[in-house]
Amino acid sequence: MDSCEAVKRDIAASIEAQRKAVADWHVSEPATVDIEPDADPSALLRQLVLAQHLINFRQWHIEDICRRKDVGDAVIAECKYAIDLSNQRRTDAFEAVDEHLVNRLSRFIPPLREDERPRHNTESLGMVVDRLSILALKLFHMEEQTLRTDVDENHRKSCAAKLAVLEEQHADLLQALLDLVGEFCSGAKRPKAYYQFKMYNDPTLNPQLYGENRE
């Protein structure tokens, strides 16, 4: 039976799955993460979170290439186009996470009192899930730095200190996310899916794409 506590457990499990997936995908990257709309809510949330996480995983490595100095302009331009497309997919994916969570939570939220103003959060649940995805990637790659044998001990120690900070930030952000779900369920705040409506990739909205001299 679904409940606020079940939603919290599913979120925590999905965030843990992000961290495990980073390590697994560096061994064998999947072509895709299948989304099964008819799956049970727990499985569906995990699928949505990991599908969004896979986009971040791939974009992380594209951005690494973009910072190389030994490749030509064509490679950098291709990276730029790939990142633009990836950012659009990333946004669409965390908005899907938002929609799933808002729909699940809506049945548990007490109605507003007649004189009550709805209170919203500055970030949606899906946006926080996206931030945790990026942190999972940072944690994996920072830990890699602590294990390098081609650098001196100072480098490893510096990275170990940064890793500890990232671990704390990840734990804090996850707890804040779960606390926010609790605020929604108590009625203290109201969940809402927010939409980015990115314009730069849309040939009907970007004037550089629809201008008079554009083909």
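## Nonpolar cores

The largest nonpolar core has 31 residues, and those with the most contacts inside it are Ile11, Leu105, Leu125 and Leu132. A nonpolar core here is a set of buried Ala, Val, Leu, Ile, Met, Phe, Trp, Tyr and Cys residues joined through side-chain atoms within 4.5 Å. Buried means under 20% relative accessible area, exposed over 50%, partly exposed in between (1.4 Å probe, protein chains only). Two or more residues each come from α1, α2 (41-66), α3 (73-106), α4 (125-146) and α5. Helices are DSSP runs (H or I, at least four residues), numbered from the N terminus. The top contributor is α5, with 11 residues.

Ile11 touches Leu45, Leu101, Leu177, Leu178 and Val181, leaving out residues up to four places away in sequence. Contact means heavy atoms within 4.5 Å. Another core lies apart from the largest one; it has 12 residues, among them Val33, Leu50, Leu54 and Phe57.

## Model and conventions

This is a predicted model: local features need pLDDT of at least 70, side-chain atom pairs count only at pLDDT 80 or more, and totals for chains, interfaces and linings use all residues. Residues are numbered from 1 along each chain as its sequence is written, and side-chain values use heavy atoms, without hydrogens and water.

## Cysteines

Cys4 and Cys185 form a disulfide, with sulfur atoms 1.7 Å apart. The rule is a pair of cysteine sulfur atoms within 2.5 Å; by it, the count is 1 disulfide. The pair links distant parts of the chain: Cys4 sits in α1 (residues 4-27) and Cys185 in α5 (residues 153-186), 181 residues apart. The S-S torsion is about -100°, so this disulfide is left-handed. Both Cys4 and Cys185 are buried.

Cys66 is in no disulfide. Its nearest cysteine sulfur, in Cys79, is 3.3 Å away, too far for a bond. Cys79 is buried, at 7% relative accessible area.
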